[in-house]
Amino acid sequence: MAESHTSDAFVEFERVQKSYDGETLVVKDLNLSVPKGEFLTMLGPSGSGKTTCLMMLAGFETATHGDIRLGGTSINNIPPHKRGIGMVFQNYALFPHMTIAENLAFPLEVRKIGKDEREKKVKRALDMVEMGKFGGRRPAQLSGGQQQRVALARALVFEPELVLMDEPLGALDKQLREKMQFEITHLAHQLGITTVYVTHDQTEALTMSDRVAVFDDGRIQQIAAPDTLYEKPENSFVAQFIGENNTLRGVVKEIKGDLAVVELDDGELIDCKPINVTKVGERTQVSIRPERVEFDKKRLQPGVHTLKAEVLEFVYMGDIFRTRLRVAGNDDFIVKTRNAPDQKRLQPGEQLEIGWLPQDCRALDA
Amino acid sequence: MSDVTDATTAKRGPTPDDALRIADSGDGGPVLAADGTPLKRSLSRALRVQKMRALALIAPLLVFVLISFIVPIGDMLFRSVENRMVGDTLPYTVEELSKWDGASDALPPEAVYRDLYFDLFLAAEMKRHTRLGSRLNYESSGMSSLFRQAGRKLDDPGDEAQEALEAIDERWGERETYFELFNAAEGAEIDNDLLKAQKKRIRYLSDTVPTGEMDFSPSAEVSALLPLAARVYTSFAVITGMVDNKVVAKTKPMESLYLALVQDVTRPGFADDLAAYNGPQKDALAALANSGLTAPDYTAIFEEVDRDWVNLDTWRVIQTHSGTFTSGYFLNAVDMQKTPEGPAVQPENKRVLIQLFIRTLIMSLTIMGACILLAYPVAWLLSNLPARKANVLMILVLLPFWTSLLVRTSAWKVMLQQQGVINDVLVWIGLVADNDRLVMINNQFGTITAMTHILLPFMILPMYSVMSTINPSYVRAAKSLGATNWTAFWRVYFPQSIPGIGAGSILVFILSIGYYITPEIVGGTKGVFISNRIAYHISSSLNWGLAAALGTILLAVVLLLYWCYDKIVGIDNVKLG
């Protein structure tokens with residue numbers, strides 16, 4: 001979980017703690033390092049401490065304990081306006097009494113940059129987000145997506161090396177949000193800036209980031225690249241939080257290297273990969289992704305354990321079929337299948353046997 | 001990035017709404033509803049029920065406001081130009097006087113003095129001449145006593161005339177003679193116009209509606225023969241019968257009747273008219289006609305009452321102020337006066353009102369400025385504190401609202417007076433010598449201090465309501481963009497709080513410009529407002545016309561400033577909540 005100190009770390013949190021009331025810790029012993037140019041997303045449910053971390057980095061909150069470093073120097077005692085960090089806020093925070101161009105010129109003005117250069121930079125930043133024609137408008141005259149672009153341009157116009165984004169796409173509708181996700185990532189990579197992005201939307205985190213730090217209860221639960229996070233969750237929280245996930249509870253029966261046999265609560269046996277179970281007799285939560293469940297016997301490895309299942313509900317979702325099964329006493333076992341020409345459509349009431357590859361099924365902490 | 005689905009850039013196919021919009025733009029004539037009626041009409045029909053319901057909901061308040069607020073204010077404002085008193089009290093005089101050229105050096109003709117005698121006599125009988133005297137005294141001092149004296153001395157010529165009449169024929173000493181003469185007998189023609197006109201005059205002069213049965217009606221024949229006497233007797237009869245509820249025939253007529261009778265029987269052509277007359281008391285009248293009586297000299301009567309009645313200026317004042325409407329009150333309100341030659345500036349020692357207006361404006365602006373300076377930090381703190389602490393502070397802000405205005409103002413009196421708390425403390429500390437205590441009350445300082453305190457909540461509340469809507473992320477954004485605390489406040493926070501300052505300023509300024517009670521208590525003579533002057537004219541000098549004119553100007557100034565504010569800041573920028 002904790003990152004080791006690397007020499008190319010640009011942003012570093014070292015043993016950072018934060019408490020608002022002196023009784024409970026909102027952030028517990030946070031260690032994190034972000035290399036230059038990385039797009040890191042802090043993902044977690046509300047109250048997990050991710051926004052507090054961002055605010056500490058921006059300078060609006062002070063760390064109760066620990067050290068935050070930017071480019072190797074501690075910034076604990078540097079006021080926000082001297083940190084030179086660009087920031088995009090959830091509600092965009094465009095100054096309503098200024099035009100778009102004035103909004104963009106603001107960070108340049110306070111840096112005492114000459115008028116000609118200021119105008120040049122403002123124009124370049126607006127063109128970068130394709131808002132060049134809107135310089136004379138007021139924020140209220142723009143749509144949500146346009147305001148979002150302007151906010152982004154404003155955070156970038158003074159060429160910061162680090163940009164923080166606090167759920168910037170939360171207020172947009174789904175379609176626009178997806179479009180903006182790609183635009184932001186492209187822009188960040190193109191400009192080579194380091195980005196720390198906060199969201200509670202896991203799809204957003206998976207699509208945009210180089211790495212995702214999953215927060216819960218004031219700690220980073222796992223920090224990894226999106227595919228690792230999805231396919232190899234290290235604990236049951238991450239497995240539950242990222243993507244859709246089926247959970248079965250049981251006790252470890254035996255462990256043989258990369259393979260474990262788990263006896264489920266109703267007595268059935270399954271094969272899985274031990275992740276953070278170490279000894280026989282330990283309780284475990286077994287996690288399996290809905291799209292990795294097989295019910296076609298031809299595609300199952302011979303000799304693996306299978307489970308009896310009953311179809312409860314079949315939902316046609318266009319690109320996929322989503323089938324709800326009763327498996328080992330769990331009424332919420334989901335199976336997702338691709339809508340292919342030869343794909344079988346299961347009928348409610350149908351009895352079948354399901355199975356999976358042992359490496360797709362992960363035995364995690366209980 | 002060009003294919004975003006933003007409203008401004010989106011390309012989309014035509015929708016049904018578009019078709020309506022195109023039709024609405026006027027190319028295809030009026031849009032029709034499904035049943036073929038124009039859409040606008042059918043829409044307004046559909047909305048009418050809603051409008052009526054809304055109107056019914058506000059109707060009680062509307063009626064209440066109209067009756068208890070708009071109408072009295074309208075009436076009060078109307079008083080600033082209304083000037084019926086001269087014309088209503090001296091109707092015949094004013095009519096006759098209008099023929100006189102005030103610019104000439106000649107006194108008004110005898111006819112004016114004659115009408116003045118009878119008008120003034122009736123007014124004195126109803127004790128209304130003093131009111132007219134006070135009214136004209138606003139324009140020219142001395143008028144009040146002139147009218148009061150005249151009211152007392154007009155009886156004497158009437159008594160002399162009565163003695164002369166009785167000497168000629170003793171029947172003229174009997175009350176019944178007069179009643180029989182002027183009353184219309186059974187079946188005789190009645191002069192209804194005369195009766196109605198006199199009723200109207202008495203109604204005005206007595207401030208009551210003459211009611212009750214009267215056993216008298218003026219004979220048309222006699223009123224043609226003796227027009228003046230019939231008029232006087234009819235007005236006397238109305239007073240006696242309908243106001244005092246006495247028997248007309250048994251009551252002694254008023255003295256002016258005898259003079260009127262003398263006037264009538266000595267008029268040219270009376271003998272001929274009498275010959276054609278067939279009514280009662282013909283022989284008694286004939287005795288008068290042949291007695292060699294001479295017409296009364298009214299000018300001489302008034303000259304004897306007071307030399308000023310034969311002064312041209314007296315008559316010029318009366319003539320200038322005899323119109324139904326006058327600009328005189330407004331001219332007075334701006335330190336000018338209405339003269340026969342037109343508007344003129346008041347003499348220097350009477351010019352106080354413009355100065356008072358200016359002082360009221362400057363002090364109101366000072367109070368407003370002081371309120372802004374004191375309220376801004378408080379409002380900022382309120383809107384940035386956690387809710388629980390903010391509520392406690394808010395209660396402290398609102399506390400003055402729950403205390404009586406008089407108590408608060410009196411408290412300031414206790415604080416500020418020379419033997420008061422502040423001076424005592426300063427003396428005790430040694431900052432001020434005991435024999436050199438600060439004068440902080442009964443002057444402008446006292447008024448400004450007390451009113452700033454009293455009006456402060458009116459500034460804090462709108463400011464607070466605006467500031468609490470300013471998202472803290474604006475200031476954070478400014479700081480993250482590199483602005484110092486001051487720059488973030490001045491360039492980002494302050495501009496967004498201006499609507500609150502505007503709303504509070506309008507509220508405080510308009511409240512303070514018309515404030516009365518506090519300046520009255522702590523203002524002394526130097527710290528009073530125009531409203532105190534208005535109150536003085538309403539309750540002490542009773543010059544309601546001037547008070548109304550001052551009030552109208554005050555209202556106009558407020559509306560003008562409001563309009564200016566709307567032009568400069570825009571009233572839709574004002575947020576009260």
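This is a predicted model: local features need pLDDT of at least 70, side-chain atom pairs count only at pLDDT 80 or more; totals for chains, interfaces and linings use all residues.
**Helix packing, chain contact and a strand barrel**

In chain B, the axes of helix α12 (residues 227–243) and helix α13 (residues 256–265) come within 7 Å and cross at roughly 160°.

Helix pair in chain B

- Because angles over 145 degrees count as roughly antiparallel, α12(B) and α13(B) are roughly antiparallel to each other.
- The crossing in which α12(B) passes α13(B) is left-handed.
- On the α12(B) side the contact is made by Pro227(B), Leu228(B), Ala229(B), Val232(B), Tyr233(B) and Phe236(B), which meet Ser256(B), Leu257(B), Ala260(B), Leu261(B), Gln263(B) and Asp264(B) of α13(B).
- By class, the residues of this contact between α12(B) and α13(B) comprise nine nonpolar, two polar and one charged.

Contact between chains B and A

- Chain B supplies 22 residues to the contact and chain A supplies 26 residues.
- On the side of chain B that touches chain A, the elements giving two or more residues are α24 (472–480) and α25 (485–513) of chain B, and α24(B) gives the most, with six residues.
- That side of chain B consists of nine nonpolar, ten polar and three charged residues.

Barrel in chain A

- In chain A, five strands close into a barrel in the order β11-β12-β13-β19-β14, with mixed pairing, and the twist averages 55° from one strand to the next.
- Strand β13 (residues 269–274) of chain A runs parallel to strand β19 (residues 361–364) of chain A, and two bridges join them.
- Lys273(A) has Arg362(A) in β19(A) as its bridge partner.

Definitions and conventions
Residues are numbered from 1 along each chain as its sequence is written. Chains are lettered from A and ligands numbered from 1 in the order in which they are written. Axes are lines fitted to C-alpha atoms, for helices over the stretch in contact, and angles run from 0 to 180 degrees between N-to-C directions. Helices (H or I, at least four residues) and strands (E, at least two) are DSSP runs, numbered from the N terminus. Angles under 35 degrees count as roughly parallel, over 145 as roughly antiparallel, 65 to 115 as roughly perpendicular and the rest as oblique. A crossing is left-handed if the near helix is turned anticlockwise from the far one by less than a right angle, and right-handed if clockwise. Two residues are in contact if their C-beta atoms, placed from the backbone, lie within 7 Å. Ala, Val, Leu, Ile, Met, Phe, Trp, Tyr, Cys and Pro count as nonpolar, Asp, Glu, Lys and Arg as charged, and the others, Gly among them, as polar. Two strands pair if DSSP finds at least two bridges between them.
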